[in-house]
Amino acid sequence: MGEFWPVPDVLTYLAGSWRVERSVRELASGEEGEFSGTTVFGRLEDGGLLHEESGTFRWRGAGRPAERTLRFLPGATPGTAQVRFADGRPFHDLDLTSGRHIADHPCSADLYRGEFTVRDEDHWRTVWRVRGPAKDLVLTTDYAREG
């Protein structure tokens with residue numbers, strides 16, 4: 001098998017609970033932070049998943065609670081997903097049938113470019129590169145299936 005682990009159905013793959021470790025690096029200053037917590041992908045009635053992430057974010061020596069909610073809905077092609085913010089706004093598409101996916105999300109004048117890679121049935125990673133006048137960041141998140 002190649003470098004990436006193909007996922008025939010992203011919603012089936014993601015369902016359940018994942019341990020999350022994220023590093024946040026501000027490229028201009030070199031400052032680094034980290035997030036540690038859990039993401040639960042729970043089933044929605046429409047066949048999608050509710051992504052609920054919670055944990056602790058540490059930045060500049062201080063830790064504080066952090067959370068976010070996303071919706072992963074069935075995509076236009078079988079096995080894919082449309083990712084939306086909690087309020088329903090579009091975020092990005094997600095197709096892991098090759099085990100790797102690149103997604104872009106413009107946010108005001110900044111551009112978020114995400115690379116999603118699947119290592120095996122219990123481990124996957126996202127790397128978001130954020131560039132623009134307001135941000136210059138790299139966010140790397142490792143997910144490990146719990147239980």
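**Questions on a predicted chain**

Colleague: In which strand is the place of histidine 51?

Modeller: This is a predicted model, in which local features need pLDDT of at least 70 and side-chain atom pairs count only at pLDDT 80 or more, while totals for chains, interfaces and linings use all residues. Residues are numbered from 1 along each chain as its sequence is written, and side-chain values use heavy atoms, with hydrogens and water left out. Helices (H or I, at least four residues) and strands (E, at least two) are DSSP runs, numbered from the N terminus. Histidine 51 belongs to the run of residues 49-59, which is strand β3.

Colleague: Is histidine 51 buried or exposed?

Modeller: Buried means under 20% relative accessible area, exposed means over 50%, and partly exposed lies in between (1.4 Å probe, protein chains only). Contact means heavy atoms within 4.5 Å, and leaving aside residues up to four places away in sequence, histidine 51 touches Thr39, Val40, Phe41, Arg68, Thr69, Leu70 and Phe72. Because its relative accessibility is 2%, histidine 51 counts as buried.

Colleague: Which residues touch the most other members of the largest nonpolar core?

Modeller: A nonpolar core is a set of buried Ala, Val, Leu, Ile, Met, Phe, Trp, Tyr and Cys residues joined through side-chain atoms within 4.5 Å. In soluble globular proteins, nonpolar side chains tend to be buried together. Among the 31 residues of the largest such core, those touching the most other members are Leu14, Phe72, Leu94 and Trp124.

Colleague: Which element gives the largest share of this core?

Modeller: Leucine 14 touches Phe41, Leu49, Phe72, Leu94 and Trp124, with residues up to four places away in sequence not counted. The largest share of the core is four residues, and they come from residues 10-14, helix α1.

Colleague: How exposed is phenylalanine 4?

Modeller: Phenylalanine 4 is in the segment before α1. Not counting residues up to four places away in sequence, phenylalanine 4 touches Ser98, Gly99, Arg100, Thr117 and Val118. Phenylalanine 4 counts as partly exposed because its relative accessibility is 23%.

Colleague: How many Å separate the C-alpha atoms of arginine 119 and alanine 134?

Modeller: Arginine 119 lies in strand β8 (residues 110-120) and touches Trp5, Trp124 and Asp142, residues up to four places away in sequence not being counted. Alanine 134 is 15 residues from arginine 119 along the chain, and the separation of their C-alpha atoms is 32 Å.

Colleague: What is the phi of arginine 60?

Modeller: Arginine 60 sits in the loop between β3 and β4 (62-74). Its relative accessible area is 59%, so arginine 60 is exposed. Although arginine 60 is not a glycine, its phi is positive, at about 55°.

Colleague: What is the relative accessible area of serine 108?

Modeller: Serine 108 is in the loop between β7 (100-107) and β8. Serine 108 is not a glycine, yet has a positive phi of about 55°. Serine 108 is exposed, its relative accessible area being 81%.
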